[in-house]
Amino acid sequence: MSKNNKKQWYDQRFLGRRQFLMGIGGHMLMIPFLSSLAPRNVLAAPLPNRRLAMFPMEFGMMTNFLRPDNAIIKPSLIAHSPSIHYANLASLPKPISFVFDNTFDDLLNDLNIFYGLGGTGEAGHTYGIFNGSNANVPGDNTNRRPTFGRSLDVIIENSAQFKSSFSGKMSTIRPSTKQTYGVAMFWDRDASGNPIVKQPTMSDRTLFDNIFGLVDIAPTEKAKMDARKTLVADSVLEDINRLKNHKRISKSDKDMLDRYITSVNDLQKKLLDVKSCSKPSITYQYDAAGKKIASFSVDQLLDNFFEITTLAFACDQSRMLGLQNHFGSSAGAGLPHHFDGEDVVVDTNNSGITQKWYIHKIADFARKLKAFPDPSGQGSLLDHSLLMVMNEHSSRRAHSPVDLPTLTIGSLGGTVNSGKYIDFRQEARFINDSTPFGHPRKQLLISALQGMGVARSEYINDGDGNGFGMFSGAQAANHTDFASTHNDPLPFYTKP
Amino acid sequence: MNQIRVKKIIVAGLCLFLVTSFQNCSQFESAKLDFASSSDSSNQFTCTNPDDLSGSENKRLSSTQIKNSLSSLFSASIDTNLQKIIDKLPNDGGAESFEGFSNIFSEEFLTAMSEISFAIPERIFAVTSERNRIFGTCSGSATITQVCVQAYLDGYASQVFRRPLSVEEKTTSLNVFTSSADTVEGLKNVLAYHLQSPQFLTLWELGDQDVTSNVFDLSSYEIANRISYYLADSPPDSTLRLKAQSGEILDPIVARAEIERVLNTTAAKTKLVSFFIYWLELSTDMDFSQLPTDVTSGITLSSGITTAAYDELSKYIKYVIFDQKGSYKDILTSKASFAQHSELAKIYGHAPQSGLTPVEMTSERMGIFHKLPFLYSGTQKTNLIKRGVIIRRDVLCDYLPTPSTAVIDMRNDEPLLDSERFAMSNRQVIEHQTKNVSCMTCHSTINPTGSAFENFDQLGKMRVREANYNASNVFIRDVNIDTQSVIPLWLGNDVASASSVDLITEISTSYKARACFAKKMYSYINQRKNKSNDDCRVNQVYQNLIDPDKSIYDALIEAVSVSSTKKRVVYE
């Protein structure tokens with residue numbers, strides 16, 4: 001969908017946007033009605049809600065094209081500290097790069113481009129990117145428990161998927177069935193260079209139904225069902241409280257029961273919020289039988305995913321999105337997994353076009369969020385969201401974790417700075433462009449977590465025992481300066 | 001098999017890093033599995049106090065266990081539509097491996113359970129015979145009485161909670177009933193409440209005696225639940241329930257007999273196959289689409305081949321363990337094949353099997369490691385490293401750390417030209433890529449082990465030459481295969497192996513591999529990592545595996561028997 005020539009679907013539905021948003025706000029004042037039974041530390045997050053969208057890319061992204069050319073950027077850099085320099089993106093010559101073209105020109109104040117974030121974990125592989133989410137690293141049976149905080153939609157959830165990814169597929173984010181939006185798109189390009197979807201793990205129709213399955217229920221039936229659910233939930237909570245008072249219940253058992261309560265609370269809140277959501281008039285690219293429609297368009301499919309996500313964010317049906325762009329084959333035409341990321345001819349003629357297309361789609365999504373007022377009445381959805389675009393390559397053909405290119409869009413409720421090019425290279429230790437040591441990227445993930453409202457106490461003991469994300473082996477060796485601070489949010493980027 | 005002893009030489013002057021790395025790669029999962037040869041029968045389990053117990057958290061049911069429980073409770077009510085709703089339970093990894101299982105009640109999980117819990121009573125009330133079976137004929141009245149509900153609470157509800165309901169739980173249930181819009185909806189709501197309750201969704205083990213102690217006796221119902229869920233991922237059947245109700249199950253002899261009975265159920269056999277899939281990290285989603293055409297030449301590949309391969313594997317495991325009462329050696333070396341699928345039979349080199357009797361595989365092929373699920377690779381090359389890693393890590397319990405990024409990056413230190421690569425075998429390419437001393441701390445064991453299987457291609461077919469292809473899967477040339485290795489198999493002693501047949505034969509009779517298998521089996525049954533104070537019980541399993549008069553079947557019974565101990569310790 002073009003940003004200019006298509007009317008937004010929320011204006012086309014039988015509820016006006018104003019009425020739609022008022023409905024959400026009204027319900028938000030009523031919830032959560034089970035909060036009195038919940039432990040104090042697991043109550044719903046304060047309003048407005050914050051959202052996190054993660055876009056890991058399995059194939060090599062062109063490092064050089066994802067940030068301004070050094071010759072352009074260096075004269076503009078402002079020293080923040082000996083190891084951190086920055087430039088305001090709005091002040092840089094346009095376009096910033098071939099990949100960006102001019103698509104971010106109206107988003108420059110929301111965008112960040114990072115240089116000098118690395119050491120993500122196991123080989124820089126996609127699952128390495130998510131070591132910050134406590135993914136199970138193949139060969140490491142420490143049973144890390146992935147969670148983005150119990151008051152959030154748990155998205156990147158199951159370690160088993162990471163494990164299976166090791167044996168062939170790299171579908172890092174587990175496609176889920178309900179409320180959870182985790183999609184891996186396997187795609188290729190046709191002979192004309194146009195993107196084609198080979199194996200999306202979820203159709204747009206299925207995704208919508210999974211998230212908004214209650215939308216089409218008649219109001220009287222909804223009310224009746226809500227009453228039944230409330231009655232049952234209250235009784236379940238009696239069971240939980242009885243269990244929690246049992247003398248042989250351990251701390252971990254209580255923790256498990258607390259998480260149950262939190263999930264029930266969030267579910268009840270969603271039940272109320274979803275009442276205000278109505279079906280958008282998008283053109284599904286899959287029919288009810290799960291087949292692609294005759295005029296299937298991958299552009300439209302991705303637009304639909306983003307339309308649905310926008311609605312899910314607005315209606316608080318989901319606060320996280322994981323969309324992995326996966327190229328299906330290392331050997332096929334188009335963009336191989338280990339393509340030569342610094343070959344300009346290849347980049348501009350082939351993979352560069354593919355990458356450009358995808359980056360522009362993400363920019364369109366950010367634009368969509370920016371155009372949608374936040375239900376809290378404070379700014380736009382984008383103002384309270386963070387989009388993270390990540391990659392697992394940074395050098396030619398290799399999963400080098402050195403300086404993995406990273407973009408963020410949005411300020412996550414004002415918890416982080418935006419509109420910056422941020423250079424974290426520690427100049428004292430800078431050797432050359434292939435070993436530009438900077439901050440551990442786990443700190444960026446920690447900034448996002450904290451911005452999402454996850455308390456430090458919830459992640460500090462996770463992962464490999466070094467807090468959220470990995471900090472061992474090469475990660476630690478390359479970042480010895482951060483031995484005592486690697487579990488802190490990223491400086492300068494994160495607002496106090 | 002020729003066995004030669006080659007003393008490892010630690011070259012003086014190696015830097016501390018390398019020595020440390022080498023030691024890391026040489027040590028075993030929980031140590032004390034340092035066997036000097038396949039015939040080294042030293043017992044390396046540390047058992048100082050047989051009564052010492054490992055604590056573990058109370059676990060919620062996995063999605064698989066919930067589905068099995070619902071099927072057991074309401075099978076006659078589950079039609080296609082209800083099954084679709086039940087299938088919305090997220091895949092939580094519990095079926096494949098406890099290592100990926102999270103004990104969290106996620107929103108996604110509870111959303112699915114909420115929908116399921118309301119859909120089931122609706123469906124029950126649509127099937128009169130089922131409604132009467134579960135709630136009694138009194139539930140057919142337009143106005144259902146409290147007496148009717150009480151009968152359900154005293155009766156079928158105890159199957160839902162897998163134990164009789166407490167007074168408080170009955171009171172809460174009656175409150176749900178009386179607070180509902182009408183009595184029919186009230187009874188439905190009661191069941192919905194029970195299905196959403198953590199009492200149904202969790203295998204609580206809290207004992208039933210009012211004694212204040214961190215170590216306490218499990219109740220008879222809790223022991224019955226352990227036996228049934230450990231073995232079959234399913235709730236106790238009627239026989240087991242009765243023995244729990246009467247308390248007979250507290251008698252170890254009765255419990256052991258019940259374990260053997262449950263082990264022979266279809267559900268337990270299915271779970272046993274899952275153990276092997278977990279143990280050997282077998283790929284259940286084989287994708288053949290990227291294979292070069294001449295690898296698949298003569299074989300008509302379809303999606304059915306994966307199903308056929310696992311069907312064959314399942315029959316093979318059941319045949320060796322249940323029909324033959326086979327040993328550990330048998331599961332690794334039996335020549336039985338049940339490949340009925342014509343294309344799978346071609347891969348295995350025999351005519352399609354039919355009937356109950358297996359066909360015999362060729363002399364070069366034997367046991368579970370020579371079947372497609374283990375040998376499969378979906379790429380241009382065989383998965384030599386994966387084959388080697390599984391043998392070392394899962395079969396021999398060697399400790400293989402995740403390589404650091406620095407080590408992985410060393411693979412590309414000396415990239416090969418295409419002309420060089422096309423003249424090399426897969427083994428030679430991998431040896432080149434991993435020749436750096438840091439890589440070799442682990443690959444010195446992985447590479448020769450995996451190389452032994454190089455006479456089997458990506459589909460598991462025998463081959464005598466190896467083909468090389470360009471990036472577009474176009475054949476360039478073929479090269480010789482070399483399966484001979486001197487494998488550092490035992491502590492301080494290497495073994496000369498001509499091929500995987502030699503390697504498997506050596507492993508199949510080794511005490512170390514059986515000790516490892518005992519650990520893996522015990523861990524899987526308990527759905528958690530072993531702890532040091534599990535050694536006494538793991539040793540009991542191991543003793544069954546090394547006893548020439550006993551079988552894997554006996555070891556399984558022992559593993560569940562020692563895991564269903566009456567005692568439990570509060571886990572913190």
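Mentor: A charge sits over a ring if NZ of Lys or CZ of Arg is within 6 Å of the ring centre and within 35 degrees of the ring normal. The model is predicted, with local features needing pLDDT of at least 70 and side-chain atom pairs pLDDT 80 or more, while totals for chains, interfaces and linings use all residues. Residues are numbered from 1 along each chain as written, chains are lettered from A and ligands numbered from 1 in written order, and side-chain values use heavy atoms without hydrogens or water.

In chain B, Arg60(B) places its charged end over the ring of Phe109(B), 4.2 Å from the centre. Lys188(B) likewise lies over the face of Phe125(B), 5.2 Å from the ring centre.

Over all chains there are 29 aromatic pairs (Phe, Tyr or six-membered Trp rings with centres within 6.5 Å; planes under 30 degrees apart are stacked, over 60 edge-to-face, the rest tilted). Phe306(A) and Phe365(A) are stacked, because their ring centres are 4.4 Å apart and their planes meet at 15 degrees. Phe306(A) belongs to helix H8 (residues 298–314) of chain A and Phe365(A) to helix H9 (residues 344–371) of chain A, so this pair ties together parts 59 residues apart in sequence (helices are DSSP runs of H or I, at least four residues; strands are runs of E, at least two; both are numbered from the N terminus). Phe306(A) is buried, at 0% relative accessible area, and Phe365(A) is also buried at 0% (buried is under 20%, exposed over 50%, partly exposed in between, with a 1.4 Å probe and protein chains only).

The pair Phe105(B) and Phe109(B) is tilted, with 5.9 Å between centres and 50 degrees between planes. Elsewhere, ring pairs join Phe275(B), Phe276(B), Tyr278(B), Trp279(B), Tyr328(B), Phe517(B) and Tyr524(B) into a cluster.

H11(B) gives the most, with 5 residues.
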